[in-house]
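This briefing is meant for a reader who is meeting the structure for the first time. Please keep the sequence and the model in view while reading the points below.

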2 protein chains.
Amino acid sequence: MATVSYASYSISCCSMRDSHDPQKQKLNSVKFNGTSTRSTTNVETLRQTTEAASTFSHVSVAENGYITKEQRQNIPTKKQFADPFRQGLIVEGGVGYRQTVVIRSYEVGPDKTATLVSILNLLQETALNHVWMSGLLGDGFGATHGMMKNKLIWVVSRMQFLVDHYPIWGEVVEIDTWVGASGKNGMRRDWLIRSQATGLVFARATSTWVMMNRQTRRLSKMPEEVRNEISPWFIEKQAIKEDVPEKIVKLDNKAKYMNTDLQPKRSDLDMNHHVNNVKYVKWMLETIPDHVLENHQLSGITLEYRRECGSSDVVQSLSEPDEDEILQDAVNQDNNTNLLNGFSLASEIIMGGGLLACLEKKPIRYTHLLQVKGEPKDEEIVRGRTTWKRKIPTMPFST
Amino acid sequence: MATVSYASYSISCCSMRDSHDPQKQKLNSVKFNGTSTRSTTNVETLRQTTEAASTFSHVSVAENGYITKEQRQNIPTKKQFADPFRQGLIVEGGVGYRQTVVIRSYEVGPDKTATLVSILNLLQETALNHVWMSGLLGDGFGATHGMMKNKLIWVVSRMQFLVDHYPIWGEVVEIDTWVGASGKNGMRRDWLIRSQATGLVFARATSTWVMMNRQTRRLSKMPEEVRNEISPWFIEKQAIKEDVPEKIVKLDNKAKYMNTDLQPKRSDLDMNHHVNNVKYVKWMLETIPDHVLENHQLSGITLEYRRECGSSDVVQSLSEPDEDEILQDAVNQDNNTNLLNGFSLASEIIMGGGLLACLEKKPIRYTHLLQVKGEPKDEEIVRGRTTWKRKIPTMPFST
């Protein structure tokens with residue numbers, strides 16, 4: 001594996017002091033600033049962890065107390081097998097990555113389950129930590145040293161996410177991620193989210209990535225140098241098996257729901273100075289009507305990325321339910337407002353546990369489009385498909 | 001310490017199977033799903049961690065494979081001294097909490113430093129984990145068993161945050177938090193954020209909390225039962241020493257900057273079904289002009305909370321710079337656009353390294369107000385003060 005050192009990112013990770021620096025050991029130890037704890041065994045365990053951490057860590061403080069940004073970040077230049085701080089571990093015969101994560105209080109919504117946005121953020125995080133552990137990370141969003149030398153960045157072209165169970169606040173989950181080949185010039189990255197306690201699979205995801213020249217903004221072939229870096233990490237295993245990926249139709253301005261004049265805020269820009277992909281998903285979901293969100297949970301989302309969104313772009317978010325949703329809409333309105341009580345009774349008599357109950361249980365599907373308003377024509381940013389399952393059946397005659 | 005068990009939250013944490021359940025051990029071990037890793041020593045270290053974790057964990061699976069929400073959350077009913085999953089530790093003689101946190105890729109902005117919003121979220125998270133570890137957590141946002149029995153919730157009345165250094169992407173920080181008395185019926189909660197590698201203090205925060213009846217929405221005295229629960233955790237230590245807290249003046253509609261018609265989105269609601277406090281800060285900062293944000297970093301924020309914001313409220317965000325900002329504004333415009341080049345040269349000649357340079361270095365301060373538009377009058381949600389330091393001096397004559 002070729003690791004090319006990149007001029008603007010010379011990491012001087014080799015210890016300027018011994019990594020068993022007494023100063024650092026003091027900081028890592030449980031007694032800090034003269035404080036002590038009453039705990040015994042459990043603290044001992046954590047002390048082992050922090051000691052392990054300091055063995056792992058390359059950070060060292062220069063004699064003058066100055067610590068560089070590179071030292072603060074401490075990006076490994078060699079493959080690491082475990083990272084106690086990130087709770088990360090190399091698995092899958094040395095090529096996959098597993099991270100243990102606790103769902104935080106601000107990552108959940110009013111129903112105390114992790115939001116889709118939080119989960120997508122965790123997928124991004126584990127992917128980057130995988131590259132981080134590999135020793136290949138140059139800088140930024142997962143570009144390897146070879147990619148940086150060739151002025152290449154990763155761009156995502158497709159992403160699919162399926163969720164059976166949303167993790168809840170305080171729950172401990174394990175996120176596995178690994179990569180594989182996708183055609184000649186692409187890379188597939190998959191994820192699996194599991195309960196740490198039971199091993200039950202909560203969610204799975206797959207994505208495809210290609211390389212883009214960061215100056216010309218044109219897609220690029222994978223240079224041999226980069227292939228040599230990353231291909232040893234490729235495996236065949238797939239989190240989601242799809243024979244023929246579903247094509248997402250392009251919506252036009254006749255779509256049922258539309259949010260216009262969306263503009264990225266400063267806080268929506270990520271460290272690549274781009275509107276983060278996760279923001280796109282937020283914009284998409286904001287078109288889904290409230291009564292659907294109240295009774296349904298997203299069970300799947302597919303995204304096809306077409307172009308980047310710049311910080312000055314004005315964006316439109318369109319969405320269109322599949323045909324079934326229109327009748328279901330009537331059912332929901334009926335439940336919510338009792339305006340169509342006669343219809344409800346009639347339909348109960350006529351259809352019994354039949355069509356209506358079937359519709360109740362059938363997931364709702366939406367097609368989405370984010371586009372940039374422009375002259376001479378609007379330009380697509382991303383197409384999407386979402387699937388929504390009912391949370392709990394509320395109609396007495398649903399089976 | 002009285003721990004009152006609350007009817008709707010009966011936690012059956014006692015093992016239904018032995019916690020050394022072979023199934024779980026298998027899940028915790030490194031070889032998972034038939035995969036193995038090439039690592040040796042480091043993996044061993046992490047295995048120790050996960051084994052420690054399983055000793056700590058109370059989660060167990062019923063014979064039928066069913067696992068309740070309570071088991072999934074696994075809120076401790078007794079004081080814990082260490083939590084390997086959260087990387088948390090009881091410190092300060094058994095009453096404070098310390099958590100090791102890695103700054104994640106999506107928690108940083110375009111400049112690769114953690115955003116204020118991310119840091120405030122981490123403060124909330126560590127505060128809740130402190131209560132979590134104490135064995136006192138009933139449910140939701142840090143309410144103890146005694147508070148739940150008395151239908152009380154915590155509401156924040158004041159918060160102050162000072163930051164010297166923003167942690168960067170991938171940096172490992174330690175967040176300490178502890179509580180103290182605030183008057184007869186309130187509680188103070190403080191935080192300290194430090195570099196894990198060097199111990200350098202990055203930021204400090206303090207906050208005051210009072211109790212509110214969740215039905216009447218009126219403030220409440222601290223019941224004896226609750227005092228008995230929480231007062232053993234109180235210490236005197238203060239992260240920020242303030243003799244006389246600065247009063248924040250109330251802005252009116254003549255304020256220089258104003259964003260109107262702000263409406264909370266579904267995704268802004270937290271598990272208390274309220275607009276999260278952190279959202280208020282986002283709304284405040286969005287009024288700060290771009291040229292200030294480009295060249296400055298927030299170095300301090302003080303918030304005085306007045307009332308809750310409901311999900312249907314329409315909010316206005318007002319802000320007003322201190323007088324100095326107006327002249328500084330001219331200087332910044334000058335730098336950015338060169339429109340006032342003559343003035344710049346003149347001022348350089350006239351003022352030399354004097355007034356202008358002084359203004360350049362002096363932090364900018366803003367007063368803020370979030371209010372709900374209403375009849376007969378607007379109602380205050382929160383008043384704020386922010387202080388902004390220049391990132392790097394850009395003017396050649398700044399000293």
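Is B:C309 buried or exposed? In this predicted model, B:C309 is buried, because its relative accessible area is 1% and buried means under 20%.

**Cysteines**
- A:C309 likewise counts as buried, since its relative accessibility is 1% and the cut-off for that class is under 20%.
- When the whole structure is searched, 0 disulfides are found over all chains.

**Strand 12 of chain A and its partners**
- Strand 12 of chain A, which covers residues 296-305, is mostly covered, with 9 of its 10 residues buried.
- Strand 6 of chain A, made up of residues 152-163, runs antiparallel to strand 12 of chain A and is joined to it by 5 bridges, and within this pairing A:Q160 has A:T302 of strand 12 as its bridge partner.
- Strand 15 of chain A, residues 379-390, also pairs with strand 12 of chain A in the antiparallel sense, here over 9 bridges, and A:Q297 stands opposite A:K389 of strand 15.

**Helix 4 of chain A**
- Helix 4 of chain A, residues 116-134, has 19 residues that should span 27 Å at 1.5 Å a residue, and this agrees with its end C-alpha atoms, which are 27 Å apart.
- Because 19 of the 19 residues of helix 4 of chain A are buried, this helix is largely enclosed by the rest of the structure.
- Just after helix 4 of chain A comes A:G135, which takes a positive phi of about 85 degrees.

Definitions and conventions:
Residues numbered from 1 in each chain as written. Chains lettered and ligands numbered in written order. Predicted model: local features only at pLDDT ≥ 70, side-chain atom pairs only at ≥ 80, totals over all residues. Heavy atoms only, no water. Buried < 20%, exposed > 50% of the residue type's maximum accessible area, 1.4 Å probe, protein only. Helix = DSSP H or I, 4+ residues; strand = E, 2+ residues; numbered from the N terminus. Pairing = 2+ DSSP bridges. Disulfide = S-S within 2.5 Å. Expected span 1.5 Å × (residues − 1).
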